[in-house]
Amino acid sequence: MSEQNFGLYLREVHAVISVSEGDFALLKKHTDFFTSNLEGFVKHFYDTIYDNEGPREIFREGERPAVEDTLRKWVLSLVEGHDDDEFWKKQYLIGLAHIRREVPNRYMLTMASRSREFFLQAMVSELGADEGVRLFLAFQHVVDATVALTTTLVDEGRKKGLLQATGWTPPLMRNMLKTVYADIARKIEAA
Ligand code: HEM
């Protein structure tokens, strides 16, 4: 289940994305860069969401300032972070807020891509190509590992919810889903 598997997921993410304490040291060294670009980034992120119908519909009337603040705090938490369980557990748990609000993983992935692009441009233009790309890679490692863990908790939470709601065993659920997947594939191919 999701709680016990956190360690396994963290090891898997580390094995593929070479995130390390060195990345956090570089982010920390450039704290001024992140604080001076914070408002521009938060505006860019939420303008993108509110300009797009699907993502916009996730949010409640008047909620934008509060969710902007969670994003601001998240960026600042990266420059204070370390490559340890405490930091990664917090990233994993971001998934819970997103499950509650039914944020599809594709919105998380597309906004992570948009965020990387924003920072790559700002990093290269302000710090030059060498240091800009070095900082970008550190940032990318941390963001990609975060998104991998967050979307994993969303997947796990939904799977666990489905098992509890139906009372099915995992093998039974896998069999039922095989039929569902085959039906989806048929309909997409026929469309
Ligand atoms: C790189 C992508 C993203 C990151 C890093 C991120 C990060 C966060 C963080 C740190 C929180 C606060 C979690 C908490 O209080 O426990 C949060 C909350 C939230 N996020 Fe995201 N988020 C991302 C993408 C998105 C997208 C694409 C949407 C919707 C289209 C979204 C919708 C929300 C909502 C609605 C909340 C508030 C949940 C609540 O308190 O009820 N997020 N996000």
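**Note on the ligand shell and the helices**

1. The shell around the ligand divides into 14 nonpolar, three polar and two charged residues; Ala, Val, Leu, Ile, Met, Phe, Trp, Tyr, Cys and Pro count as nonpolar, Asp, Glu, Lys and Arg as charged, and the others, Gly among them, as polar. The model is a predicted one, in which local features need pLDDT of at least 70 and side-chain atom pairs count only at pLDDT 80 or more, while totals for chains, interfaces and linings use all residues. Residues are numbered from 1 along each chain as its sequence is written.

2. The ligand is surrounded by 19 residues, of which P55, T70, W74, A97 and Y107 are the closest; a residue is near a molecule if its C-beta atom, placed from the backbone, lies within 6 Å of it. Two or more of the shell residues come from each of α5, α6 (85-100) and α7 (105-166). The most, six residues, come from α7.

3. The protein chain has eight helices and zero strands, where helices (H or I, at least four residues) and strands (E, at least two) are DSSP runs, numbered from the N terminus.

4. In α3, T31, F34, L38, F41, V42, F45 and Y46 meet R64, E68, L71, R72, V75 and V79 of α5; contact requires C-beta atoms, placed from the backbone, within 7 Å. The residues of this contact comprise nine nonpolar, one polar and three charged.

5. Buried residues account for 19% of the 191 residues in the protein chain, a residue being buried if 20 or more other C-beta atoms, placed from the backbone, lie within 10 Å of its own.

How values were computed: Contact = placed C-beta atoms within 7 Å. Buried ≥ 20, exposed ≤ 12 C-beta atoms within 10 Å, placed from the backbone.
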